[in-house]
Amino acid sequence: MQYCYNADEELRFKTKAEFIDVLSRGAEIELMWKGVHFGIVPEGAGDEVCIYLWNQPETEQIFRDAKDALEYQVTSDRLGDVITQVTVIDRSF
């Protein structure tokens, strides 16, 4: 028997709270929105997170915590407004 599933749907964030929880636990996330490829990783020993355009380290932006990261602007959209719609390419949990 072969099982088929939509990986995008399984990785997709269902709510902002899920995104905050996963990121607060140190997840590394790779996302795509409107053709913009970007990543989110833990930064330092505290709650800070780093968001950057993929393979462009000079674009790094540091946010104090996962909730603050929802203010990140990707294209003309605020991440918090589109987090349940972005394509999640990969996430550590």
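**Ground rules.** I number residues from 1 along each chain as its sequence is written. In this predicted model, local features need pLDDT of at least 70, side-chain atom pairs count only at pLDDT 80 or more, totals for chains, interfaces and linings use all residues, and side-chain values use heavy atoms, with hydrogens and water left out.

**Helix H2.** I looked up H2, residues 16-24; helices (H or I, at least four residues) and strands (E, at least two) are DSSP runs numbered from the N terminus. Its buried residues (under 20% relative accessible area, 1.4 Å probe, protein chains only) are Phe19, Val22 and Leu23. They lie on the same side of H2 because they cover an arc of only 95 degrees around the axis, taken from the directions from the helix axis to the C-beta atoms. On the other side I found Ala17 and Ser24 exposed, that is, over 50%. Among the elements that cover the buried residues of H2 are strand E1 (29-33) and helix H3 (66-69). After H2 comes Gly26, with a positive phi near 95 degrees.

**Aromatic pairs.** I counted four aromatic pairs; rings of Phe, Tyr and Trp (its six-membered ring) pair if their centres lie within 6.5 Å, and planes under 30 degrees apart are stacked, over 60 edge-to-face, the rest tilted. Phe13 and Phe19 are edge-to-face, 5.3 Å centre to centre with 90 degrees between the planes. Both Phe13 and Phe19 are buried. Phe38 and Tyr72 form a tilted pair at 5.7 Å and 35 degrees. This pair links distant parts of the chain, 34 residues apart. Phe38 counts as buried because its relative accessibility is 0%.

Notes:
Contact = heavy atoms within 4.5 Å.
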